[in-house]
Amino acid sequence: MKIAIVDYGAGNLPSVERALGKLGVETERAIEPPQLESAEAIVLPGVGHFAAFVAGLRERNLTGALRAAFDAGKPMLGICLGLQAMFAASDEAPGDAGLAFFPEQVRALPTNVKSPHIGWNQLRQTRESSLLRGIASDAYFYFAHSFAAPATAEPTVAACDHGFPFAAVIERGSVRGVQFHPEKSGETGAQVLRNFVESIQ
Amino acid sequence: MTLARRIIPCLDVDAGRVVKGIEFEGLRDMGDPAELGARYNREGADELVVLDISASVEGRATFLDTIRRVAEQLNIPLTAGGGIRKMEDGRAVLRAGADKVTVNTAAVKRPELISELSQQFGAQAVVLSLDVKRKGDSWEAYTRGGRDATGLDAAKWAAEAVERGAGEILLTSIDRDGTCSGFDCELTATIAQTVPVPVIASGGASTFEDFLAVYTEGRADAALAASIFHQETRSITAMKKFLAERGVPIRLSR
């Protein structure tokens, strides 16, 4: 099986590649649409700025290819900013359109809590989740972000609280996303990736 | 659901080896960074910091390789820094596998460096390393590994750095560093209440009680220690158990 990791020009790809590699998965850095078309699944990692991210996708003509993959039901996993980019827009870059798989707007964390939300936090699972299968309900995951989609967003299956309840895990159809970094979340994070890989097979 | 307090071992690296500064003796070799990193990852460290303390050009040349070797061993976040002068240095460190980069001296000279790194990589990837000494009722920021006074008030500089896009403060008390007399909780609480970003306390840690104090009185979001974990006398696992039993939110499951 081959998983395409979208390379939009920034982001720490080696750690995602290494984490998937340990699960015996072959990965390829995708910089053009045909690579997304031939892959069996797509990982959309991301750190940095929402504007840089969507611009990076646009410059590589990947925006349309990702929408086509979404429409075709290709398995996809968004990580951190990769999850946020699946929504329509973000407070971080007003005026820049996201991939709009989901209509909600990504919000800035409020000023009454420390932002960025950095560190290990727990989840509150609200619906059945394929990504969280076999993971203890009090497990910790590593977060590092200043923006988040509200937990009221339709595809939310697990929430986390930091200033407001936000979507920590989303799942709908073949699309999944995590606001935390599974590749940085120890053995628990490796289990999330394993669950994603197993869901493709 | 609670954000856990983090325990962060720090590797001071010179020419590819972890070293410890010993008074009147200079540097003592503490081992291989990749091996120590792997051990801390296994023992439940929440994050790892690698700092380049090389004085020589040759020492610096090996630092990116050290980051690569350490990053390969980890499935937790890695922060790296020491001698980051410009945007390209930061990029190289992140490309080598670090998730965050620390800046100090160069940022004092040219604060725009923080803004540039933050705009490119996000605030969560930029850590201001703030080394301070007490001066009357406040604290003064120092650069060049604690050698040069800047005249900057630590709290004001921290606030400016955050304004410019630093996402975390790594706060080291030079007065306490190497003394084993505990973290400076007053300093840590002062800065933690001044800035809206997480603060990592550093300098002076020796016992489990020191960590307990800095998370409670000191209001630290995370605490860092270098040499106390290197010799296997104090394990991270045992410290986490100690803290959890005393009500500190700690990540125990791996």
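1. Starting with the helix pair in chain B of this predicted model: helix 7 (residues 154–164) and helix 8 (residues 185–194) of chain B have axes that come within 10 Å and cross at roughly 35°. The crossing of helix 7 of chain B with helix 8 of chain B is right-handed. On the helix 7 side, the contact is made by B:Ala154, B:Ala155, B:Ala158 and B:Ala159, and helix 8 of chain B brings B:Thr190, B:Ile191 and B:Thr194. By residue class, that contact comes out as five nonpolar, two polar and no charged.

2. Now to where the chains meet: 37 residues of chain A are in contact with 30 residues of chain B. On the chain A side, the elements giving two or more residues are helix 1 (13–21), strand 7 (117–122), strand 9 (140–145), strand 11 (156–162) and helix 6 (186–200). The chain A residues that touch chain B split into 14 nonpolar, 15 polar and eight charged.

3. As for the fold of chain A, you'll count six helices and 13 strands. Its radius of gyration is 15 Å, close to the 17 Å that the globule rule gives for 201 residues, so chain A is as compact as a globular protein of that length. The C-alpha trace of chain A spans about 45 × 40 × 25 Å along its principal axes.

4. Taking the chain A contacts with a separation of 6 or more, 68% are between residues 24 or more positions apart.

Technical notes: Residues numbered from 1 in each chain as written. Chains lettered and ligands numbered in written order. Predicted model: local features only at pLDDT ≥ 70, side-chain atom pairs only at ≥ 80, totals over all residues. Helix = DSSP H or I, 4+ residues; strand = E, 2+ residues; numbered from the N terminus. Rg over C-alpha atoms; globule rule 2.2 N^0.38 Å. Contact = placed C-beta atoms within 7 Å. Axes fitted to C-alpha atoms, helices over the stretch in contact; angles between N-to-C directions. Left-handed = near helix turned anticlockwise from the far one by under 90°. Nonpolar A, V, L, I, M, F, W, Y, C, P; charged D, E, K, R; others polar.
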